[in-house]
Amino acid sequence: MSRPLDFNLLAQDIKLWGQALGFQQVGICNTDLTEEQPKLQAWLDRQYHGEMAWMARYGMLRARPHELHPGTLRVISVRMNYLPPAAAFAQTLKNPELGYISRYALGRDYHKVLRQRLKKLGEQIQAYCGELNFRPFVDSAPIMERPLAAKAGIGWTGKHSLIINREAGSWFFLGELLVDLPLPVDTPVEEGCGRCVACMTLCPTGAIVEPYVVDARRCISYLTIELEGVIPEELRPLMGNRIYGCDDCQMTCPWNRLSQLTNEADFYPRSYLYQPPLLELFSWNESTFLHNTEGSPIRRIGYFRWLRNISVALGNAPYQAEIVQSLEQHKGISPLLDEHIEWAIAQQISRRNNDCIEIQQPKQKRLIRSVEKGLPRDA
Ligand code: SF4
Ligand code: SF4
């Protein structure tokens, strides 16, 4: 007869195994997200999800992991640091001729890295228990990973809606392993934002409409990655040179002074994405784009959204005849792209004629000062 499992000991082992697999932290929670449901419903009712129709489609299922994977009793939540050394935030944002890519997307696609490790963790637990029903998730549509991470004690939800850890800041990926074991759960940590509102004040597009609530339709991450159609004209000048994602709310967060750098070589920047000149990126043809973004999260936005985003950034750059020429050469690929190219050319011409708004918004300057003061020394 096999002896009964000691779930307290097993939970300790799972944490050690997770750390050996490269996760900086492992926490455990139950599946009850009842408290999140009214907040999620209010967010959807206000249409803050924009064109992310899957959010509305999954509805409250996102707050019920046990329905998503029947039999689930616990969620094992993990975090993995991704901030590479020498992240060059300010240098890249300050130079409008360069393209800024969110720091999580400079290397290999994290979905693959985390999912493989979570699967290994599941297999290890299965081998120990003899039987286990498990399913890994990484940034997957149908699951509310941040509230689960908060419940599992990984950190608290910051006013920018991301998870912050007292010792590690917020530059980390999250992943979950759903299991059917009655493991002991961890305790959530105390909230640490206090009276700070830095992320809300410095968000370039005012997307954090109230503490803990992000209107995705204004968020640059949504505009450059999720949105398939036209970027609203009034938001384009505010995007600056951010061509894939945005890190401003994390850069400005005082807790990120304590952030830890990654030691995963997979997340180190590819040379051609690290401080890349916009004109160089714009000159890639589709096969170069596909080649250079193989195994990268950037690939999922596709070539046309890539060109669309760069067009907007070129529209925000100081006047250069070469920029106008390059924009002209890209006309005729698609009506959607043409619309952004026409806008960018008009911005360039207007700037040449000296009647355009200042490129670097005052908010942007304040952000850069705050970033220069606040980041860990090696970043
Ligand atoms: S990612 Fe950028 S645009 Fe989105 S909320 Fe944060 S600072 Fe604002
Ligand atoms: S910047 Fe301030 S308010 Fe925003 S998440 Fe960080 S601590 Fe919280």
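Biologist: How far apart do the C-alpha centres of domain 1 and domain 2 lie?

Modeller: Bear in mind that this is a predicted model, where local features need pLDDT of at least 70, side-chain atom pairs count only at pLDDT 80 or more, and totals for chains, interfaces and linings use all residues. Residues are numbered from 1 along each chain as its sequence is written, chains are lettered from A and ligands numbered from 1 in the order in which they are written, and side-chain values use heavy atoms, leaving out hydrogens and water. The chain splits into domain 1 (7-276) and domain 2 (277-371), with bounds from an automatic or database domain assignment. Between their C-alpha centres lie 27 Å.

Biologist: And how much area do domain 1 and domain 2 bury between them?

Modeller: Contact here means heavy atoms within 4.5 Å, and 46 residues of domain 1 touch 38 of domain 2 that way. Buried area is the accessible area (1.4 Å probe) that two parts lose on being put together, summed over both. Carbon and sulfur atoms carry 60% of it, and the total is about 3,700 Å².

Biologist: Which residue does Arg300 meet in a salt bridge?

Modeller: A salt bridge pairs a side-chain nitrogen of Lys or Arg with a carboxyl oxygen of Asp or Glu within 4 Å. The count between the two domains is 2. For Arg300, the N to O distance is 3.4 Å, and the partner is Glu226.

Biologist: What about ligand 2: how many residues of its shell are nonpolar?

Modeller: The residues around ligand 2 include Cys193, Cys196, Pro254 and Trp255, each with a heavy atom within 4 Å of it. Ala, Val, Leu, Ile, Met, Phe, Trp, Tyr, Cys and Pro count as nonpolar, Asp, Glu, Lys and Arg as charged, and the others, Gly among them, as polar. The shell has 2 polar, 1 charged and, for nonpolar, 8.
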